Amino acid sequence: MGSAERSAPRMKFFSRRQMRVNEVQALYQQHGPGLLLYGCSLLGRKHVAEDVLQQVFMRLLEQNTLPEDPRPYLFRAVRNAAFNVMRSESKQVELADIEPWFEAPQHDYAARVTLTAEIMRIPEEQRQVLVLHLWGGLSFDEVGGVLAISANTAASRYRYALQKLRAAMQPEDPLCR
């Protein structure tokens with residue numbers, strides 16, 4: 001062995017598989033919370049949404065390449081997987097069975113449950129836009145791509161969802177009856 005070979009620093013080489021695992025892990029850390037909220041908004045049950053999220057990321061690990069624009073892709077994948085679960089279950093989720101799936105300010109459990117129930121009462125097409133835009137961080141163009149609607153339709157559905165939430169969450173004033 002020559003002196004140049006002895007003094008060269010040892011480099012750690014990663015397999016393509018290990019690099020993909022690291023990339024998928026980074027995608028999960030970056031987008032996982034928003035994807036989970038979206039899954040909860042579709043399914044109404046956090047544990048089922050967690051299972052859907054796991055399926056999506058396991059499939060992503062099995063692919064040869066990662067999507068060029070992963071955020072909209074991941075939301076579409078969660079939506080499709082959630083719809084598959086809903087089709088296979090064939091039972092409706094009662095509002096009483098809904099688990100709160102996000103943290104309300106100051107960890108106010110009653111407000112969290114109320115807000116979760118009110119979000120679940122919003123028509124599904126409006127609820128999906130609300131969650132994708134607000135918690136998923138997708139633009140209305142990206143939301144439109146995920147849901148196969150125009151950006152203007154997405155913005156309108158978002159506006160209607162917010163109006164319904166505001167009306168539902170405002171305390172009733174007994175003096176205004």
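Select helix α6 (residues 124–135) and helix α7 in this predicted model: α6 passes α7 in a right-handed crossing. A crossing is right-handed if the near helix is turned clockwise from the far one by less than a right angle, and left-handed if anticlockwise. The axes are 10 Å apart and the packing angle is about 135°. Axes here are lines fitted to C-alpha atoms, for helices over the stretch in contact, and angles run from 0 to 180 degrees between N-to-C directions. That angle makes α6 oblique to α7; under 35 degrees counts as roughly parallel, over 145 as roughly antiparallel, 65 to 115 as roughly perpendicular, and the rest as oblique.

Now show the side chains. On the α6 side, the contact is made by Q128, V129, L132 and H133, and on the α7 side by F140, V143, V146 and L147. Contact means heavy atoms within 4.5 Å. By class, these residues divide into six nonpolar, two polar and no charged. Ala, Val, Leu, Ile, Met, Phe, Trp, Tyr, Cys and Pro count as nonpolar, Asp, Glu, Lys and Arg as charged, and the others, Gly among them, as polar.

Keep α7 (residues 140–147) selected. Its buried residues are E142, V143, G144, V146 and L147. Buried means under 20% relative accessible area, exposed over 50%, and partly exposed in between (1.4 Å probe, protein chains only).

Step on to A148, which follows α7 and sits in the loop between α7 and α8 (151–169). Its phi is near 60°, a positive value in a residue other than glycine. A148 counts as exposed, at 70% relative accessibility.

Next, select α3 (residues 46–62) and α4 (residues 70–89), whose axes come within 9 Å and cross at roughly 125°. That makes α3 oblique to α4. The crossing of α3 past α4 is right-handed. From α3, the contact takes in V48, V52, L53, Q55, V56, F57, R59 and L60; from α4, the residues are Y73, L74, A77, V78, A81, A82 and V85. This contact has 13 nonpolar, one polar and one charged residues.

The structure holds three aromatic pairs; rings of Phe, Tyr and Trp (its six-membered ring) pair if their centres lie within 6.5 Å, and planes under 30 degrees apart count as stacked, over 60 as edge-to-face and the rest as tilted. In the pair of Y28 and F57, the ring centres are 5.2 Å apart and the planes lie at 85°, so the pair is edge-to-face. Y28 belongs to helix α2 (residues 16–43) and F57 to α3, so the pair ties together parts that are 29 residues apart in sequence. Y28 is partly exposed, with a relative accessible area of 42%, whereas F57 is buried at 7%.

Finally, zoom out to the whole chain. There are eight helices and zero strands; helices (H or I, at least four residues) and strands (E, at least two) are DSSP runs, numbered from the N terminus. Of the 177 residues, 38% count as buried. Among contacts with a separation of 6 or more, 64% join residues 24 or more positions apart.

Residues are numbered from 1 along each chain as its sequence is written, and side-chain values use heavy atoms, with hydrogens and water left out. As this is a predicted model, local features need pLDDT of at least 70 and side-chain atom pairs count only at pLDDT 80 or more, while totals for chains, interfaces and linings use all residues.
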